[in-house]
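This briefing is meant for someone meeting the structure for the first time.

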Amino acid sequence: MFRQLDARSPIPLYVQIADRLRIAVATGELRPSLPLPSVRQLAAQLRVNPATVVQAYRELEQAGVVESKQGAGTYVREVGEGNRGAERHREARRLVRRLLQEGAALGVSPEELDQAWRGELKGRLA
Amino acid sequence: MTNAIETWDLRYRAGKSFELRDVALKVREGSIYGFLGPNGAGKTTTIKLLMGMLRADGGQIAVLGRKVPSDMPRVLAQVGYVPERPHLYPFLTVEQAINFHAAFFAGFDRPYADELLGGFNLPGEHRLSALSKGEMGKLHMLLVLAQRPRLLILDEPTDGLDPVVRRDVLSALLDFCSQGSTTVFISSHLVHELERICDWVGVLDRGRLLAELPMHAFKSGIKRIRVENPPSLIGDTPFVLVARETTTMDEIWVVRGWQAPMVQWFEGTGARVKEIVDLDLEEGFVELLRAARVPAA
């Protein structure tokens, strides 16, 4: 789930972790009844500062994606099917915005990205 | 918040060529502090001063709120220290080495040591002389973690270890950190490794502390900016200009303390900002050293 974690990126690690978890929730990879990994597990697994994991979980909690149950860990919050669709839609837009930003930083225009995007899709659907 | 390590105007002279000057460290309790610097910057010397192994020529040192070196025994009881070249008797077995180390620390956690022994896959009955470099690296980390220290001082703990061993050693360290509020002071020139785990950075070069700040501030505040039509003379800038270079088209400025609204400052001078590039820790570190070594223009 965390393969793309990149410490060198200007996007803070806690944001990257929170984003990955958001996507996992939106796609149903993480389900409401299951607890998230503990801070201790995740920090050791990703080799990041435990405080970074705490910050990611706190952000998700504030956004209402997860809730922490006293002494029992952090759980994905129950959301309706409709909300999950909305969250997926938001996630898709977030990804596209990031692509545009990175493109801009590299001097790749939105038109070029659009063209590349269509080409890529065509290849997949063929 | 208190500081696990603090120094004031620390000075130390070794011969004519090397001097540590005005080093003022502040290592917040609970932080994982990356102590960066090129080879020969004085990192190991600083650490030896903190551990009371060298006597400072000036300034003061406090570790865990106690004076160094006068209160050293009480400091040492709570500090896990992996020196640059750790010494263990090669004729001991792994088990014996653990017992030997444990005898010095009242709070040594034997069950935890056994847990780490299993996790690291270390052969308890083997003599240290028969261990690989990677196994020795794991053993050193095991010994200090099982002390359950309040402060870990690690001098290049993963230097010369292969990536798999490095990963195991760092995971164990971070697992330990998640269990309580330990402070970690870790020196390394493996910048990418520190970038992942540290929340504070201090940069030492040629005996001087060039910068000390939270990792996110270090990373978000340092930028490379491509400027069109830049001002030739500059007065006060809202950021710190680290370096400027002319290319065929534009000038490249490296700045510290950058915030987005500062683009207006350039517009005010009639210049135009064409591009702002984020630097990662390594690039920021290199730029900082480069600027420190250029005599002020």
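This is a predicted model: local features need pLDDT of at least 70, side-chain atom pairs count only at pLDDT 80 or more; totals for chains, interfaces and linings use all residues.

Helices, of at least four residues, and strands, of at least two, are taken here as DSSP runs and numbered from the N terminus.

**Chain A**
- The secondary structure of chain A consists of five helices and two strands, and along the sequence these elements follow the pattern α-α-α-β-β-α-α.
- The C-alpha trace of chain A spans about 50 × 35 × 25 Å along its principal axes, and 21% of the 126 residues of chain A count as buried.
- Of the contacts in chain A between residues at least 6 apart in sequence, 51% join residues at least 24 apart.

**The six-stranded sheet of chain B**
- Six strands of chain B form an open sheet with mixed pairing, in the order β7-β8-β9-β4-β10-β11.
- The edges are held by β7 (79-82) and β11 (208-214) of chain B, each of which has a single partner strand, so one side of each is left without a neighbour in the sheet.
- From one strand to the next, the twist averages 15 degrees.
- β7(B) and β8 (residues 151-155) of chain B run parallel and are joined by four bridges, and L152(B) in β8(B) is the bridge partner of G80(B).
- Helix α1 (residues 43-50) of chain B lies across β4 (32-36), β8, β9 (183-188) and β10 (200-205) of chain B, and runs at about 145 degrees to β8(B).
- Helix α10 (residues 281-293) of chain B also packs on the sheet, where it touches β4, β10 and β11 of chain B, and its direction makes about 35 degrees with that of β10(B).

**The nonpolar core**
- The largest nonpolar core has 96 residues, of which Y33(B), L50(B), V63(B), I153(B) and F185(B) touch the most other members.
- Leaving aside residues up to four places away in sequence, F185(B) touches I5(B), V27(B), Y33(B), F35(B), L151(B), L152(B) and I153(B).

**Where the chains meet**
- In the contact between the chains, 20 residues of chain B meet 13 residues of chain A.
- On the side of chain B that touches chain A, α6 (163-178), α7 (191-197) and α8 (215-221) of chain B each supply at least two residues, and the largest share, seven residues, comes from α6(B).
- The residues on this side of chain B divide into six nonpolar, six polar and eight charged.
- At 1.5 Å a residue, the 16 residues of α6(B) should span 22 Å, which agrees with the 22 Å between its end C-alpha atoms.
- The buried residues of α6(B) include V165(B), D168(B), L173(B) and F176(B).

**Backbone details**
- The peptide bond from V68(B) to P69(B) is cis, with omega near 5 degrees, and P69(B) is found in the loop between β6 (66-68) and α2 (72-76) of chain B.
- D22(B), in strand β2 (residues 18-23) of chain B, has a positive phi of about 50 degrees although it is not a glycine.
- D22(B) is partly exposed, with 14 other C-beta atoms within 10 Å.
- R148(B) likewise is not a glycine, yet has a positive phi of about 50 degrees, and with 17 C-beta neighbours inside 10 Å R148(B) counts as partly exposed.

How values were computed:
Residues are numbered from 1 along each chain as its sequence is written. Chains are lettered from A and ligands numbered from 1 in the order in which they are written. A nonpolar core is a set of buried Ala, Val, Leu, Ile, Met, Phe, Trp, Tyr and Cys residues joined through C-beta atoms within 7 Å. A residue is buried if 20 or more other C-beta atoms lie within 10 Å of its own, exposed if 12 or fewer, and partly exposed in between; C-beta atoms are placed from the backbone. Two residues are in contact if their C-beta atoms, placed from the backbone, lie within 7 Å. Ala, Val, Leu, Ile, Met, Phe, Trp, Tyr, Cys and Pro count as nonpolar, Asp, Glu, Lys and Arg as charged, and the others, Gly among them, as polar. Two strands pair if DSSP finds at least two bridges between them. Axes are lines fitted to C-alpha atoms, for helices over the stretch in contact, and angles run from 0 to 180 degrees between N-to-C directions. The expected span of a helix is 1.5 Å times one less than its number of residues.
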